[in-house]
Amino acid sequence: MNVRRDRTLLAVFGLTVVSLALRIAFLGSRVAHWDEGRVAYWIADYAASGVTFYRPIIHGPLLHLVNAPLFELLGATDFVMRLFPALVGGLLPLVALLFRHRLRDETVVSLALLLALNPVLLYFSRFMRSDILAATFSFLAFACFVRAVDFDDGRYLYGATFALAIGFGAKENVLAYLLAFVGATVLLLHHRLLFARFSEQSPTAVLRQYLAWALGSVVRHARSIAGSVALFLVTVTYVYAPRGSLPSRGLYYRSCSGYDGYFDVGAAPTLWEALANPLELPHLVAFTLGSTAELYGCQWITPRADDPNPYLEYLGEMALITAESSTALVALALVGFAVTLYAADRPDDLVSFSFYWGAASLVGYPFITDIGGSAWLVVHIVLPLAIPAAYGLGLLYRWGRDAQLDDDTVSVALVVLLGVVLVGSMAWTGYATSFADPKSDDNPLVQYAQPSGDVKPTLTDMRTLADENEGTDVVLYGEHLHNPTGDEELERRPTCSNWFNSLPLPWYFEAGEMNVDCAPDNGTLESALAENPPVVIVHADERGAVDERIDDRYEARVHLMRTFDTPFVFYVDESRLE
């Protein structure tokens, strides 16, 4: 390997180290978002009970399978719950090396730089959601598939399908990636046919040539294709297979309102039962794949058809978030795509494909999302756009290098200035969104269900007090926080609480092994306070009754549990912290 390529490898490895450091530093400092809190709670529950099954409302089971043993090994904390997404997102720049046969060295390094520093990829690598996992593994699958095609090597298909299966195990929207791939392929084929006309070739002959190549590839690599499909199905079955035990049919098919599920849940085997009795493996595969498809359709496809979302509103929000958080990347992607489209003899297939992929994601995700302000979906837009953006940044580098060779100091200075502005703005936005204020309503990447303000010290004090206390550690007072579901089959602890109104607190209660009780009215509040609980929590609208009864040992701390509203008052017995 030549010296220059060695420098490229070292540069990518160095950027990967920077990427990992940025994602791990102060990883546990931000209080959990609603989504982080509810999923982390169920992961902690799985770690304790050993029972889990596919529930589409919390997406794929991959985070459960990875984080549960991490909780047991390292403890249930915000840092640990985000560690796996941070590591996966931090290693993302390494994927750039798989494109080095397609891209110049400076473009490969530029791609690694963008994957390491892009503010969206950085923020959601420090966030326990499955989007960065699905995106990273889908991007890796795409890179492996490109190499399979370019090198006519079916072995890469195994890497592609395995990565795709792991990504699907993280979040179901990997299917949207496949749709985007198909759409981008059609547009790329249109490119080829259009340029065939300009070069006086017959579009029909070119189309026949590609069809013949595709059929020949299928024949040559039939064994690899069959093996990779089998690997995909086995991997998806392993990830989605139920563990421990299965619930009732009603709970399992809860997502399917008005639909009677096909499978007999009571007779279905769990993963360990099937492994203990291999004769049950075909039954496990059929149940896991079939019921997963049913639940996916009930939760994510049918509602979109029955109750369409405000598409233009969501599209505008997503476009604004993309532009505001990734200005440099979007500008470079437009330049890279335009240059390869209009300035070359023929457009670069990889750059064009990736640009169309990103554009299709921007158009498609607003249609399939179910809530506004879903900034995490921007991950799936900026990731493919990173390739044309890297082409644009690499082009800027080559212009500067050529100007230096020509002793054109003015052009060199302009290129350096532009590069500093582009990379500097990206680094500054990443710092502002992920470190300076990762929970403010002014942050374009912060979604409404992110608690605002500095709640962390109070949560830390709660855990300290719970460790030293005997009896009830926390009392939840008022109607806002009291509404037991009565669902004995799916126990949400604390069972006396309005679980969803109190998010993300159930995660902290569970992680800190706190004893929590509820006082829905004044009478029960009197009894609860008589036991001297170290912490009392109430919605600010209902604090009057507590203020009248609680003594001076307690400090009232008000925290917003959403970005700009839902104030909770935490009464903390400070005398026990001295």
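1. The model is a predicted one. I begin with the lining of the largest cavity, whose residues divide into five nonpolar, two polar and three charged. The residues concerned are D35, R38, V39, I57, I58, H59, L63, M128, R129 and S130. Helix α2 (residues 34-49) supplies the largest share of this lining, three residues. The volume of the largest cavity is about 90 Å³.

2. Other cavities. Four cavities of 30 Å³ or more are counted.

3. The largest pocket. This pocket holds about 1400 Å³ of space. Its lining is made of 38 residues, and those nearest its centre are F145, V149, T185, W213 and F353. Two or more lining residues come from each of α7 (131-150), α8 (155-170), α9 (174-198), α10 (203-220), α11 (222-240) and α17 (349-368). Of the elements, α9 gives the most to the lining of the largest pocket, namely eight residues. The class count for the lining of the largest pocket is 26 nonpolar, six polar and six charged.

4. In soluble globular proteins, nonpolar side chains tend to be buried together. Here the largest nonpolar core has 143 residues, and F99, W507 and I537 have the most contacts inside it. Helix α18 (residues 379-405) contributes the largest share of this core, eleven residues. There is also a second, separate core of 14 residues, with A528, V536, A545 and Y571 among them.

5. Surroundings of W507. Which residues are in contact with W507, leaving aside its neighbours within four places in sequence? They are A32, G37, A40, Y41, A44, F71, A76, T77, D78 and M81. W507 is also one of the residues with the most contacts inside the largest nonpolar core.

6. P506. This proline is found in helix α21 (residues 505-511). Is P506 buried or exposed? P506 counts as buried because its relative accessible area is 1%, and buried means under 20%. Not counting residues up to four places away in sequence, P506 touches Y41, R493 and W499. P506 lies 420 residues from A86 in sequence, and the two are 23 Å apart in space, C-alpha to C-alpha.

7. Helix α2. This helix has 16 residues and reaches 23 Å from its first C-alpha to its last, close to the 22 Å expected at 1.5 Å a residue. α2 is mostly covered, with 13 of its 16 residues buried. G50 follows α2 and has a positive phi, near 75°.

8. Cis peptide bonds. Two such bonds are noted here. The bond from R493 to P494 is cis, with omega near -5°. P494 is placed in the loop between β1 (474-477) and α21. L503 and P504 are likewise joined by a cis peptide bond, with omega about 0°. P504 is found in the loop between β1 and α21.

9. Positive phi outside glycine. Phi of F26 is near 55°, a positive value in a residue other than glycine. F26 sits in the loop between α1 (3-24) and α2. F26 counts as exposed because its relative accessible area is 64%, and exposed means over 50%. The place of D152 is in the loop between α7 and α8. With 37% relative accessibility, D152 counts as partly exposed.

10. E531. Where does E531 lie? E531 is in the loop between α22 (522-530) and β3 (535-539). At 58% relative accessibility, E531 counts as exposed. E531 and T472 are 59 residues apart in sequence, with 7.8 Å between them in space, C-alpha to C-alpha.

How values were computed
Residues are numbered from 1 along each chain as its sequence is written. This is a predicted model: local features need pLDDT of at least 70, side-chain atom pairs count only at pLDDT 80 or more; totals for chains, interfaces and linings use all residues. Side-chain values use heavy atoms; hydrogens and water are left out. On a 1 Å grid over the protein atoms alone, a cavity is a set of points where a 1.4 Å probe fits but cannot get out, and a pocket is an open set with protein on both sides within 12 Å along at least five of seven lines; lining residues have an atom within 4 Å of a point. Grid points are joined across faces, edges and corners, and a volume is the space filled by probe spheres set on the points. Helices (H or I, at least four residues) and strands (E, at least two) are DSSP runs, numbered from the N terminus. Ala, Val, Leu, Ile, Met, Phe, Trp, Tyr, Cys and Pro count as nonpolar, Asp, Glu, Lys and Arg as charged, and the others, Gly among them, as polar. A nonpolar core is a set of buried Ala, Val, Leu, Ile, Met, Phe, Trp, Tyr and Cys residues joined through side-chain atoms within 4.5 Å. Buried means under 20% relative accessible area, exposed over 50%, partly exposed in between (1.4 Å probe, protein chains only). Contact means heavy atoms within 4.5 Å. The expected span of a helix is 1.5 Å times one less than its number of residues.
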